[in-house]
Amino acid sequence: MLKLPSMTLSPVTRTLVELVRIISVNSSYEGGAGEREIATWVKGFFEQRGIKVWEQAVLPHRPNIVARLPGRNSQRRLILEAHTDTVSVKGMTIPPFEPRVEDGKLYGRGSCDTKAGLAAMMCAVASLHEEGIEPPCEVWLAAVIDEEFSFRGVARLCEGLTAHAALVAEPTGLRAVIACKGVLRWRIVVRGKAAHSSKSHLGINAINHMARIVLALEEEHQRLAARAHPLLGPATLNVGVIQGGVQVNFVPDACAIEIDRRLLPGETVDDVLAHYQGLLNALRAQHPTLEAFMEPPMLTDEAMETDAHSAPARLASTVLTEMGLDGTLCGVPFSCDASKLSRQGIPSLIFGPGSIDQAHAAVEFVDLAEVERAAEFYRNFILRFV
């Protein structure tokens, strides 16, 4: 339970409590209210403190919020970015929007992914403004929508955006991340021929042909394991959904699978799709009745890798080391908004409190001590990035 009165909580924790209270499930998911309410709250947070803030239209009733802290050099800009949406609450075993502080942890949907990072960024920016400290360069804090579904918030943010570094909040356990995998999702559909199961020779079994494809994809997954990125490990392939057949005594005339392929730096969407089209072509040559086609991708996001010797990466490592934390630069297997900022030409890092293992979990939580350290890191980085 939240045993302490709110006045005894730190500003960062109070902010996080209020953010978790707000239902901001992505509207593409079951029960999704969207980001309108949380956008209004974040905007009000900055307005109350006299910090310039505006809405950036993205989708109806789903805006990004951008706050600006002026710097001594207006020609240089640092982006702090965090998403405001969460995944659904389906399967949760705790009240999702009743934030609970217990044993130094805060529980609730979005507490880890990624309202903790957002709260830490907001309070870091607010503290500098309240103390009258002008950072070396201008700072934009962008609270964006739709990271949990199709990245439309960060795509809108990137339109015409220029900056010299970006810090993206995700649960990294207070590690500075310079590389993340990309993601490619698409469907393969097999067309067969329906027939009564008592005369199966008159039909073409789409499920049997799909089984051949799935086995070929499993062999492909094993092949991928032979090539590992030094920070990210190997690319992966997972068949996560299969649909086919009407009833047990019909020869199925259709079967579809959905594939999740995690990409490594250097892999392009076009090259990867062409490779799997070649795999289908080879199977078709062996099995003339196999009719399969790939649908256009449902989601594409190529991998990110920021130069470890870049100024933002070196500064992040230095700040963490001076804080007594692990300054070793690392990679993460998940994808996030950082890759889009990177493709905009902005050297981007991922950093935040919490563990990805708690993100989207039935019992989602974040260690509040990590949230406080994250705010300290963001503040220190802002003060030293020139």
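Q: What makes strand 3 and strand 6 a pair?
A: Two strands pair if DSSP finds at least two bridges between them. Strand 3 and strand 6 are joined by eight bridges, so they meet the definition. The two strands run parallel. At one place along strand 6, Ala143 stands opposite Ala82. Strands here are DSSP runs of E with at least two residues, helices are runs of H or I with at least four, and both are numbered from the N terminus.

Q: What does this model rest on?
A: This is a predicted model, in which local features need pLDDT of at least 70 and side-chain atom pairs count only at pLDDT 80 or more, while totals for chains, interfaces and linings use all residues. Residues are numbered from 1 along each chain as its sequence is written, and side-chain values use heavy atoms, with hydrogens and water left out.

Q: How do you know in which sense strand 2 and strand 6 pair?
A: Strand 2 and strand 6 pair over five bridges, in the antiparallel sense.

Q: Why is strand 6 largely enclosed by the rest of the structure?
A: Buried means under 20% relative accessible area, exposed means over 50%, and partly exposed lies in between, with a 1.4 Å probe and protein chains only. Eight of the eight residues of strand 6 are buried, so the strand is largely enclosed by the rest of the structure.

Q: What does Thr84 touch?
A: Contact means heavy atoms within 4.5 Å. Not counting residues up to four places away in sequence, Thr84 touches Ser24, Glu35, Ile38, Lys115, Leu118, Ala143, Val144 and Ile145. Of these, Ile38 is itself one of the buried residues of helix 2.

Q: Which elements do the buried residues of helix 2 pack against?
A: The buried residues of helix 2 are Ile38, Ala39, Val42, Gly44, Phe45 and Phe46. They pack against helix 1 (11–21), helix 3 (111–130), strand 1 (52–59), strand 2 (62–69) and strand 6 (137–144).
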